[in-house]
Every structure is written in C-alpha cells, then in structure tokens.
Amino acid sequence: MDNKPASDSPRVDESPKTDHAYDGIEEFDNPLPGWWKWLFVATIVFSPFYYLYYHGGTPGRSIEEGYGVALAANTRLQFEEIGELQPDATTLVNYMEKDNWMRVGKIVFQTHCVSCHGREGEGKVGPNLTDEHYKNVKTIEDIAHVVNNGAAAGAMPKWSNRLHPNEVVLVSSYVATMRGKMLEGPRGAEGNVIAPWPEATAESETTTENDSNKE
C-alpha cells in the first residue's frame, strides 16, 4: 500500500481555466509572475526619465549625436594622411574622382544636409542639387564658399564653425558629383545654367588608382 501523502498541487485537469474555448481547446488561467508585472511597471516609470535625459534637448546625449561625435573623431584620424585640404577648383575636382574619400563626403552630406536638400540631393526646403541650375554657384569652388559661409541671408547656414576644413572640401566635391543626375524634387529649376566643372588632372587619376590599390 502506498503511504505517500497526497500532493497539495491541483491536478492539471483541475487547474483554473478561462472561459475561452477554441474548437474544444481550453485555455488555462495562469497569471503572469509577480516579478514580470513589476518589471513591466518599472519600465513604464523609467521611460519618462529616459526620454527627458536622451531626447530632452541637451546636446550630445542622443545616440545619433554620440554616433556623429565618434564618426567625426574617426574621420579626423583619417585626415592625418592627407593634411588640410584647400577648397580650390583643382582639389575639389580631383577628390571627385576618389571613391574612398567621396564616401566620407557622402556621410557628411547625409548627416547635415538631407533635411534641406533631400537624401539624394533632389531638393526639399533647399534647392535641387542634381540639375544644371545654380543660384549661388558659378564655379566649383563656389560650392565650398557657400558651405563655409552660408547663403540666402541665412537660409543656407554657414558650416565653417561646425565642420573640419577637409569635411567642407569633401562634402563640396560630393555635391559636385550630384550634378547632372536630374532627380525630380518638389522644387523646380532655380538659378542659371553654368559652365561644366573642370576636368580632373592626370595627377588626380594616378592618385585615384593608387587609392584603389590600397583598398
């Protein structure tokens, strides 16, 4: 004869069930663990403090801004190999041919310029950068001048106090590569058609091949 005491636990078929039944399948009414409920409550209580700390407007706290700071620091390390670039026509045209540095220019553009000019330069608040019409540019070095000093009474802000000089050159070269893509945007053509950009020098072509070999 088995003298073991009967278990105090309810049998499976005696466990409480909900009133739900689907094709004869019943659902147990098992409550969530207490620790899970309190953890859920804690996340709700914590969320407004998290939002205020990271998204309350204090500079440098958001993940996006932190990424931007880290990216800028890494970019400045890369600049050691090229020194400080000058925003002249030869430099701008030559760097248009260097794919590895144009990736840096693209990152600068996508970080700072897309809100006004669109992700691909098609224009939004600011003018379309992909057609042949320009409002404040007559030569390629004028692009760097506008980036450095702004234009249209501040509608285009100056970036000389926020970007490294090399970032100005590289983003200006990247903007120059957008010309002629003729992407459709919300704004029509603005300004005048200007002369084509100068051709890259032979030195630039040789340097570009060397850069590609390094990659």
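Modeller: Contact here means heavy atoms within 4.5 Å, and helices (H or I, at least four residues) are DSSP runs numbered from the N terminus. This is a predicted model, in which local features need pLDDT of at least 70, side-chain atom pairs count only at pLDDT 80 or more, and totals for chains, interfaces and linings use all residues. Residues are numbered from 1 along each chain as its sequence is written, and side-chain values use heavy atoms, with hydrogens and water left out.

The pair is helix α3, residues 89-96, and helix α7, residues 165-178. On the α3 side, Thr91, Leu92, Tyr95 and Met96 make the contact; on the α7 side they meet Val169, Leu170, Ser172, Ser173, Ala176 and Thr177. By class, this contact has 6 nonpolar residues (Ala, Val, Leu, Ile, Met, Phe, Trp, Tyr, Cys and Pro), 4 polar (the others, Gly among them) and no charged ones (Asp, Glu, Lys and Arg).

The axes, which are lines fitted to C-alpha atoms over the stretch in contact, come within 8 Å and cross at roughly 65 degrees, on a scale from 0 to 180 degrees between N-to-C directions. That makes α3 roughly perpendicular to α7, a term for angles of 65 to 115 degrees. The crossing is right-handed, that is, the near helix is turned clockwise from the far one by less than a right angle.

As for the cysteines, a search of the whole structure finds 0 disulfides (pairs of cysteine sulfur atoms within 2.5 Å). For Cys113, the nearest cysteine sulfur is that of Cys116, 8.3 Å away. Cys113 is buried at 16% relative accessible area, where buried means under 20% with a 1.4 Å probe and protein chains only.

Note on methods. Buried < 20%, exposed > 50% of the residue type's maximum accessible area, 1.4 Å probe, protein only. Helix = DSSP H or I, 4+ residues; strand = E, 2+ residues; numbered from the N terminus. Parallel < 35°, antiparallel > 145°, perpendicular 65-115°, else oblique.
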